[in-house]
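Hi,

Here is the structure I promised to pass on. Have a look, and my notes follow below.

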Amino acid sequence: MNPNLDKLQPYPFEKLRALFAGCTPPAHLNEIKLHIGEPQHPTPQLVKDALTASLAGLASYPATNGSDALRQAIAAWIGRRYGIPAPDAASQVLPVNGSREALFAFAQTVVAPRRHEQPVVISPNPFYQIYEGAALLAGARPFYLNTLPENGFRMDFSRVPEEVWQQTQLIYVCSPGNPTGKVMPLEDWQMLFELSDRHGFVIAADECYSEIYFDETQPPLGGLEAARQLGRDDYKNLVMFSSLSKRSNVPGLRSGFVAGDATILKQFWLYRTYHGCAMSPPVQAASIAAWNDEAHVRDNRRRYVEKFAQATPIIARHLKTALPDAGFYLWANVSSTGLSDSEFARRLHAQYNVSVLPGSFLARDAGGCNPGRNFVRIALVADLDECLAAAERIAAFCTSL
């Protein structure tokens, strides 16, 4: 067996199941799940209609690079969304089966083994655990860059030692961030591009939360957009990852894309021809319908704006938290309760049947601390009434301590 499998840690939700073992929440309280970032809003009818109307496509093998129509729809959406020239649909866009599988597979393409030193993959900390698993199974050493309250949860690239940059082959950035909701500003992109030019590493920009934000006039800055603003029209060493799961409430569709540096995408495409991960034709048709429509996306944002506006103040009266830049998580500090993040989550579940995710489950010890410790991640993905009920239960729990 691949010895690197032994380096993988249990997924956060496996740790949560173990944490909750033996808990018996009150029977009169319905369970409210705020621990997992699974969208709960209805799937748009136009997506379902396009999917069912295209079932005849199941009789055909799909191409690894998807249909011309899908790539063109994605390229056009990128141009509209970020106000930049649409990327070349043939060479700078590649459909994928959700961002998760692509984020993992990308490291297997990019990371090159070295004889005398282990390559490095940099990840934010806390982080989406796929980054770590992808690095380890590619034979790389993860370097965890803490995102902390004192620097506004930014990835502070100046904190990475020069010798680490020299060994780095890939860096994952997540903007808007999971779990903090932090959006990378242009000056951070500029610093990252300069470091990439100096050291030759590839940037994997995870942007799957980009369409959940709170001000229609201020959409989050994207990596391709930042590159264009800085004159990097070829997107050198930059590949962005996006998905319909959060944007269009279709996590089960498993549909997303990667876009950016054509040279890198050509190699990623080659890897994927062997990987066997072509997108089903009906899913491609449903994806085209989703990428071509913005009305359902605006309605989706409206629902999140309403939930955050009403639930955040209730929770913030008891836990240190605030509206994020974007995304659908509250990153709440529980130190004022006198409980650890894991004990807070366990007792909240046991007493009030609300599940949240301990922040320490999303992070690793690095730089002398676990940056997720004393935090919990609260996913406001349920409907408004459930989110408000959960917020009131969290408030009652905090008051009872």
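How many bridges join S11 to strand S12? Two, and the strands run antiparallel. Before I go on, the ground rules: this is a predicted model, where local features need pLDDT of at least 70, side-chain atom pairs count only at pLDDT 80 or more, and totals for chains, interfaces and linings use all residues. Residues are numbered from 1 along each chain as its sequence is written, and side-chain values use heavy atoms, with hydrogens and water left out.

Back to the sheet. Helices (H or I, at least four residues) and strands (E, at least two) are DSSP runs, numbered from the N terminus, and two strands pair if DSSP finds at least two bridges between them. The sheet is open, with three strands in the order S9-S12-S11 and antiparallel pairing. Strand S9 (329–333) and strand S11 (357–358) are at the edges with a single partner strand each, so one side of each has no neighbour in the sheet. Opposite Val 376 in S12 (residues 375–379) you'll find Pro 358.

Next, helix H3. Its 15 residues (68–82) reach 21 Å from first C-alpha to last, close to the 21 Å expected at 1.5 Å a residue (that is, 1.5 Å times one less than the number of residues). Just after H3, Gly 83 has a positive phi of about 65°.

- Ser 196 sits in helix H7 (residues 186–199) and is buried, at 1% relative accessible area. Leaving out residues up to four places away in sequence, Ser 196 touches Phe 201, Ile 203 and Asn 237 (contact means heavy atoms within 4.5 Å).
- Gly 22 lies in the loop between H1 and strand S1 (32–33) and is exposed, at 72% relative accessibility. Gly 22 and Ala 69 are 47 residues apart in sequence and 52 Å apart in space, C-alpha to C-alpha.
- Met 1 belongs to the segment before helix H1 (12–20) and is exposed, with a relative accessible area of 92%.

Cheers

Notes: Buried < 20%, exposed > 50% of the residue type's maximum accessible area, 1.4 Å probe, protein only.
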